[in-house]
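Take a moment to look over the chain from end to end. Then let's walk through it together, one spot at a time.

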Amino acid sequence: METYFSYSNILAVSSFVLLTISIFLMLRIYKSMNGKLYGLIWWLSFILLAGFSISDLYMVYFLVSDKLAEHKVAMGIAMCCSGLFTLVVVYAGYRTTIDLKVSNISKHYLNQIMQSMSSYLVVTDSNYKIKKANKAICQQLGIGQKKLIDKHIKSVFLRSDLTKVVENYSEQWETFIEDKSGELKSVLLSGEPIYKANGAVHGYVFQAFDNHQKEIQYLNSFFRSILNNSEFAIVATDTLGIITGMNPAAEKYFEYSEKDILGQVSPSIFHCKNCLEGFVEEKGIESPELGFSLFTDLIDEGEPVSREMQMVRRDGSSFYGWVTVNAIKNEGETIGYFEIIADISEKKNAEEELRKANADLKDFAHIVSHDLKAPLRAIGTLASWLHTDYASSLDEEGCEQLNLLRGRVTRMEGLINGILEYSRVGRVTQEQNTEDMNVIIEDVYDAVVPRERFKFIMDEPLPKVKIDRTRAHQIFQNIISNSVKYMDKEQGEIRIACEAKDNFWKFSVADNGPGIEDQYFDKIFQIFQTLKPRDEYESTGVGLAIVKKSVELYGGEVWLESELDKGTTFFFTLPQN
């Protein structure tokens with residue numbers, strides 16, 4: 001009888017050990033599996049393996065107990081081989097499962113990388129049917145990935161020769177995509193085949209990038225078109241003030257061609273030397289060099305350059321220009337400067353003509369004041385003497401005619417004074433101080449409002465405003481005197497109010513007078529316009545015209561609201577600053 005350490009027993013035990021290791025590997029495979037189908041196959045395999053292991057255990061028992069003595073060596077070898085075979089098969093399955101898991105993980109990461117790429121990535125089969133597209137191209141097209149699947153790649157990349165693209169995969173080809181807004185967008189496309197193990201083409205990978213060069217060319221063309229058609233002269237320089245370009249308007253202004261001027265220094269070639277020296281003196285620039293640094297140093301310090309300067313043409317003649325200099329920046333860094341020059345010669349000529357017209361108007365005012373008012377006063381004095389000396393000799397009609405003559409003289413003098421005052425608004429520069437409008441109102445009230453007939457109300461204290469005192473007095477006096485003059489009630493009421501609105505003070509002067517019809521709202525602000533005959537109310541028709549001109553001089557506006565038999569409210573605005 002053989003010992004327990006016979007060859008057959010060792011082989012039988014070894015087969016059982018191998019089967020036990022196989023079961024352990026099966027358990028490891030189970031942890032690495034994905035999907036229900038793989039789970040079902042695993043359970044079937046595991047049950048068969050367990051049954052085989054149990055039967056193998058019985059065979060080990062029979063061999064060890066010597067019940068199969070005649071064939072125990074052969075049986076031991078068979079069991080050992082089957083166990084080894086089972087182990088190899090299970091181990092192969094284990095390694096395949098692990099590799100498949102790693103492959104799935106790699107596939108997941110590759111998919112994540114593909115989706116996160118900013119370029120446009122599309123994967124197709126060998127017939128150019130789309131199988132996968134990344135997030136960037138879907139967002140650009142405004143289409144979900146599912147809608148792109150199985151579509152031909154030419155439905156995405158338009159006007160493209162796919163054969164050239166995949167055969168020359170190291171090159172980029174211009175093509176177009178239609179974005180979600182319906183506009184064609186230029187992109188650069190490259191493609192590469194995906195090969196099977198046998199060398200056959202499995203599919204293609206296409207990658208596209210935004211054609212920034214095309215966009216840059218478009219922008220250059222766009223801005224160049226603006227420069228070429230601008231009426232202003234535009235000169236570009238580098239950081240040292242060396243001219244790098246100029247537009248056709250600059251060629252016309254200065255009578256240089258762009259080719260002639262490139263490489264020269266601005267502003268010394270365009271600007272009057274005396275004008276530059278005056279600029280240096282005004283800005284207090286120390287140790288100046290009459291080069292472009294006069295402007296650029298100020299710009300770099302944050303001080304804008306925008307001013308009137310005298311410019312010089314190629315032939316030495318000059319003209320007045322409005323000069324603006326700005327920096328050209330790239331990501332916050334100054335890479336050059338550009339100078340814009342507007343020819344303001346016509347404006348200067350108009351200013352000169354206006355200056356002469358103002359001088360003529362001033363002379364006219366003196367003539368009116370002296371040569372017209374003096375005879376009027378003489379006529380008025382003579383009428384008074386006649387009335388005094390011959391009153392007893394004149395009948396009632398004669399006295400009335402003399403009184404009418406004196407009234408017409410007074411009215412004429414009032415008109416002359418109104419014309420003079422109206423012409424002075426905006427022409428005579430007066431000092432502006434911060435005036436307390438409450439004090440102005442008190443002065444006007446004391447001067448023009450009969451206390452016994454009028455109730456005067458101020459809803460709240462008025463603000464202080466930076467304005468010429470005389471002009472403020474005129475505005476309120478002309479409005480309030482109108483309320484007093486045309487009051488038709490026994491007890492009149494004038495109410496003054498003010499509120500802040502959009503950086504302006506909005507003043508209102510309301511009365512309870514007869515009111516004004518809508519059709520006359522604009523007419524009353526015109527010079528010499530009155531709503532009542534002058535024989536009923538003595539008026540020059542200048543007061544409200546002065547109000548309108550004075551308010552608009554400060555950038556404000558004036559208007560009114562009125563209701564017949566209930567009163568009128570005049571509004572006007574003055575800036576807070």
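**A walk through the chain**

Let's start with Glu 396, which sits in helix α13 (residues 396-424). Before going on, bear in mind that this is a predicted model, where local features need pLDDT of at least 70 and side-chain atom pairs count only at pLDDT 80 or more, while totals for chains, interfaces and linings use all residues. Residues are numbered from 1 along each chain as its sequence is written, and side-chain values use heavy atoms, with hydrogens and water left out.

Back to Glu 396: its relative accessible area is 69%, so it is exposed. (Exposed means over 50% relative accessible area, buried means under 20%, and partly exposed is in between, using a 1.4 Å probe and protein chains only.) Glu 396 also belongs to a surface patch of negative charge, together with Asp 395, Glu 397 and Glu 400. To join such a patch, a residue needs over 30% relative accessible area and no salt bridge, and like charges are joined within 9 Å. Asp and Glu are the ones that count as negative, and the place of the charge is taken as CG of Asp or CD of Glu.

Now for the whole chain. You'll find 16 helices and 17 strands in it; these are DSSP runs, with at least four residues of H or I for a helix and at least two of E for a strand, numbered from the N terminus. Of its 577 residues, 35% count as buried. The accessible surface comes to about 34,900 Å², and 55% of that belongs to carbon and sulfur atoms; the areas come from the Shrake-Rupley method with a 1.4 Å probe.

What about opposite charges? Side chains of opposite charge can pair when their charged atoms come close. Here a salt bridge means a side-chain nitrogen of Lys or Arg within 4 Å of a carboxyl oxygen of Asp or Glu, and by this rule the count comes to 14. One of them joins Lys 131 and Asp 150, whose closest N and O atoms are 2.7 Å apart. Lys 131 lies in strand β2 (residues 130-133) and Asp 150 in the loop between α5 (145-148) and α6 (162-167), so this pair ties together parts 19 residues apart in sequence. Lys 131 is partly exposed at 41%, and Asp 150 is partly exposed at 45%.

Another salt bridge pairs Lys 348 with Glu 308, at 3.0 Å from N to O. Since Lys 348 is in helix α12 (residues 345-390) and Glu 308 is in strand β8 (residues 305-312), the pair ties together parts 40 residues apart in sequence.

Then there's Glu 435, which forms a salt bridge with Arg 469, the closest N and O atoms being 3.1 Å apart. Glu 435 lies in strand β11 (residues 433-436) and Arg 469 in helix α15 (residues 469-485), so parts 34 residues apart in sequence are tied together. Is Glu 435 buried or exposed? With 11% relative accessibility, Glu 435 counts as buried, whereas Arg 469, at 35%, counts as partly exposed.

Finally, have a look at Met 246, placed in strand β7 (residues 243-246). Met 246 counts as buried, with 2% relative accessibility. Leaving aside residues up to four places away in sequence, Met 246 touches several others, including Ile 234, Val 235, Tyr 256 and Phe 270; a contact means heavy atoms within 4.5 Å. Val 235 is 11 residues from Met 246 in sequence, and their C-alpha atoms are 4.4 Å apart in space.

Note on methods
Patch = residues over 30% accessible without salt bridge, like charges linked within 9 Å, V, L, I, M, F, W, Y side chains within 5 Å.
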